[in-house]
Amino acid sequence: MARVYNFSAGPAVLPEEVLKEAAEEMLDYRGTGMSVMEMSHRSKAYDTIIKEAEADLRELMNIPDNYKVLFLQGGASQQFAMIPMNLMKNKVADYIVTGQWAKKAYQEACIYGKANKIASSEDQTFSYIPDCSDLPISEDADYVYICENNTIYGTKFKTLPNTKGKTLVSDVSSCFLSEPVDVTKYGVIYGGVQKNIGPAGVVIVIIREDLITEDVLPGTPTMLKYKIHADNDSLYNTPPAYGIYICGKVFKWIKRQGGLEAMKAHNEKKAAILYDFLDQSKLFKGTVRKEDRSLMNVPFVTGDEELDAKFVKEAKAAGFENLKGHRSVGGMRASIYNAMPIEGVEKLVEFMRKFEEENA
């Protein structure tokens with residue numbers, strides 16, 4: 001059976017050549033006589049896999065030496081608790097709430113200290129990014145938190161907030177490795193890998209070393225201390241070994257594409273095809289303020305729920321999978337991550353154009 005165009009928000013499309021490589025190595029990884037799935041995480045072969053993955057990620061993102069790269073479990077959602085547990089020294093943190101995931105992170109932080117919602121776009125269903133140039137940053141805030149790309153709502157911070165010298169913590173789950181990033185602007189930059197990098201089950205945390213201390217909130221479980229994982233090179237316990245192996249292959253694939261500058265150009269070109277169509281369409285319309293549009297997640301609607309449902313159904317029959325919008329907002333959403341080929345977006349637009357003619 002032919003592969004479909006998978007527009008899922010995550011777990012999401014992976015580069016075909018990565019999947020083929022993994023398939024070739026499935027039963028015998030480089031002469032070890034076993035699969036990476038069966039391999040001890042303490043073995044020499046696996047040690048090479050995880051170290052190479054980290055080295056390639058450091059190279060791609062130009063990660064400075066005073067930042068640790070941690071491959072952890074629990075997804076991005078576990079970081080909602082881990083961040084305040086490890087960083088809330090003054091028990092105060094400021095949150096900018098631009099979507100459901102930022103809201104969940106904020107609610108979780110409220111359990112551990114005083115979390116202040118200093119800006120929000122909830123008044124317009126999270127369809128824009130608020131002005132963050134002069135926010136009421138708390139004097140004793142331990143950090144300022146954002147979700148940089150909002151998967152459900154299709155918005156993206158184009159300019160990082162002015163944190164007035166406070167540590168910036170950013171969830172980049174759905175824009176990870178989609179464009180170059182200046183890691184030095186963040187204290188913590190983290191993301192679940194199941195959107196742009198690998199299979200579900202791995203979260204990557206890039207954290208500045210001075211933020212990794214013994215001084216964590218009382219009652220923090222051992223497994224939720226950054227220091228434990230940093231001191232043990234992400235091997236304190238059995239890591240999500242196979243997931244990390246695939247991530248490593250994707251890092252090499254991105255390097256072969258020309259790195260993050262090339263990835264950004266590829267993603268801008270793809271997104272423009274879809275947004276340009278939405279902007280001139282009489283049936284479909286985008287739901288996000290133009291200047292805040294994401295390159296990764298593109299939500300759109302017809303304005304008629306029955307027509308939306310018809311579109312999703314017919315698109316699926318035509319080989320376009322997972323275009324239904326998130327249950328909290330309805331409509332449609334095309335997630336066009338790094339591994340989505342340009343041709344996938346061109347074919348989708350072609351299909352949308354035909355649907356519009358038939359349903360005008």
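## About the model

This is a predicted model, in which local features need pLDDT of at least 70, side-chain atom pairs count only at pLDDT 80 or more, and totals for chains, interfaces and linings use all residues. Residues are numbered from 1 along each chain as its sequence is written, and side-chain values use heavy atoms, with hydrogens and water left out.

Let us start with α7, which covers residues 259-280. Helices here are DSSP runs of H or I with at least four residues, strands are runs of E with at least two, and both are numbered from the N terminus. The expected span of a helix is 1.5 Å times one less than its number of residues. For the 22 residues of α7 that gives 32 Å, and the end C-alpha atoms are 32 Å apart, which agrees.

The buried residues of α7 are G259, L260, M263, N267, K270, A271, L274, Y275, F277 and L278. Buried means under 20% relative accessible area, exposed means over 50%, and partly exposed lies in between, using a 1.4 Å probe and protein chains only. These buried residues pack against α2 (44-61), α6, β11 (285-286), β12 (297-301), β14 and α9. Contact, here and below, means heavy atoms within 4.5 Å.

## Two helix partners

Two packed helices are described by the angle between their axes and the distance between the axes. Axes are lines fitted to C-alpha atoms, for helices over the stretch in contact, and angles run from 0 to 180 degrees between N-to-C directions. Angles under 35 degrees count as roughly parallel, over 145 as roughly antiparallel, 65 to 115 as roughly perpendicular and the rest as oblique.

How do α7 and α9 (residues 342-359) cross? Their axes come within 9 Å and cross at roughly 5 degrees, and the two helices are therefore roughly parallel to each other. On the α7 side the contact is made by H266, K269, K270, I273, L274, F277, L278 and Q280, and on the α9 side by I342, V345, E346, L348, V349, M352, R353 and E356. By class, this contact has 9 nonpolar, 2 polar and 5 charged residues. Ala, Val, Leu, Ile, Met, Phe, Trp, Tyr, Cys and Pro count as nonpolar, Asp, Glu, Lys and Arg as charged, and the others, Gly among them, as polar.

With α6 (residues 241-257), α7 packs at an angle of about 80 degrees, the axes being 7 Å apart. These two helices are therefore roughly perpendicular to each other. Here W253, I254, K255 and Q257 of α6 meet G259, L260, A262 and M263 of α7. The residues of this contact divide into 5 nonpolar, 2 polar and 1 charged.

## Helix α3 and its kink

A kink of about 30 degrees lies at A81, shortly before the proline P84. The bend at a residue is the angle between axes fitted to the seven residues ending there and the seven starting there.

Of the 13 residues of α3, 10 are buried, so the helix is largely enclosed by the rest of the structure. Both A81 and P84 are among the buried residues, including also F80, M82 and I83.

## Backbone details

Most residues other than glycine have a negative phi, and most peptide bonds are trans. A cis peptide bond joins G10 and P11, with omega about -10 degrees. P11 lies in the loop between β1 (5-6) and α1 (16-24).

F126 has a positive phi, near 55 degrees, and sits in the loop between β4 (114-120) and β5 (144-147). At 5% relative accessibility, F126 counts as buried. K164 also has a positive phi, near 50 degrees, and is found in the loop between β7 (155-156) and β8 (168-171). At 42% relative accessibility, K164 counts as partly exposed.

## Residues to click on

Q100 is in α4 (residues 100-112) and is buried at 17% relative accessibility. Not counting residues up to four places away in sequence, Q100 touches F126, I152, Y153, H326 and S328.

Is K324 buried or exposed? K324 is exposed, with a relative accessible area of 60%, and lies in the loop between β13 (320-321) and β14 (332-335). Leaving aside neighbours within four places in sequence, K324 is in contact with V312, G331, M332 and R333.
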